[in-house]
Amino acid sequence: RLLDRFPSIEALREIRNALKSEDEDLRISGSIAVEGLAEQDPLPLARPLLESWEDRWPLVQLVDSLGRAAGPEAVPDLIRLYERSQDMLVRVAAVRSIVNLGGAEAGPFCYSLLDSGSHPVKAIVLGGLARLGYKPEDLRAQLLTLSESMHSRLALNAAIALASVEPAEST
């Protein structure tokens, strides 16, 4: 039974080889397979691809997998990826995973993105600030400003957060 919970050495070797492959489809497959390593530490296996931050689709898949399979120890690597990548899709995936993973570094980083992030990034952050320990009432001024955004998802997420601060009056 214990062996059923852990991948074989061959499986780990195949995932590692896929992540290092020249073939983008194999890198994507390896990135998706990382999610199956949730009971182990998938970060060491993922780091080489995370550090090659120009590889869009494999990175998006890998970051999504890490957001479900890794722990807060992956957050610094994901923050570094966010800071190095100029690809908006990679950045959004990194922030979504950072919010999912949480931890001491996730909250302050995500909070800072309310000022510096793009509209899609701010929308993701607003959807997860409560999970990171921020109370909507402490963000009221920012939420009011963000609720006026022309970016529909950002305005919606800000309005939803505001609704918890200022519930509608019943008549």
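This is a short tour of one protein chain, from the whole fold down to two side chains.

**Before you start.** The model is predicted: local features need pLDDT of at least 70, side-chain atom pairs count only at pLDDT 80 or more, and totals for chains, interfaces and linings use all residues. Residues are numbered from 1 along each chain as its sequence is written, and side-chain values use heavy atoms, with hydrogens and water left out.

**Whole chain.** Show the chain as a cartoon. You will find 11 helices and zero strands. Helices (H or I, at least four residues) and strands (E, at least two) are DSSP runs, numbered from the N terminus. Along its principal axes, the C-alpha trace spans about 65 × 40 × 25 Å. Of the 171 residues, 44% are buried. Buried means under 20% relative accessible area, exposed over 50%, and partly exposed in between, with a 1.4 Å probe and protein chains only.

**Helix 5.** Select residues 56-69. Helix 5 has 14 residues and reaches 20 Å from its first C-alpha to its last. That is close to the 20 Å expected at 1.5 Å a residue; the expected span is 1.5 Å times one less than the number of residues. Helix 5 is mostly covered, with 10 of its 14 residues buried. Colour some of them, including P58, L62, S65 and A69.

**S31.** Step across to helix 3, where S31 lies. Is S31 buried or exposed? S31 counts as buried because its relative accessible area is 0%. Show what S31 touches: L19, L49, P58, Q61, L62 and S65, not counting residues up to four places away in sequence. Contact means heavy atoms within 4.5 Å. Pick L49 from that set. S31 and L49 are 18 residues apart in sequence and 8.8 Å apart in space, C-alpha to C-alpha. Then turn to R27: its backbone oxygen lies 2.8 Å from a polar atom of the S31 side chain.

**D77.** Move on to helix 6 (residues 75-84), which holds D77. D77 is buried because its relative accessibility is 6%. Which side chain makes a polar contact with the side chain of D77? Select R80; the distance is 2.9 Å. A polar contact is a pair of N or O atoms within 3.5 Å; within protein, one must be able to donate a hydrogen and the other to accept it, and residues adjacent in sequence count only if both atoms are side-chain atoms. Finish with L43, R47 and L50, which D77 also touches, leaving out residues up to four places away in sequence.
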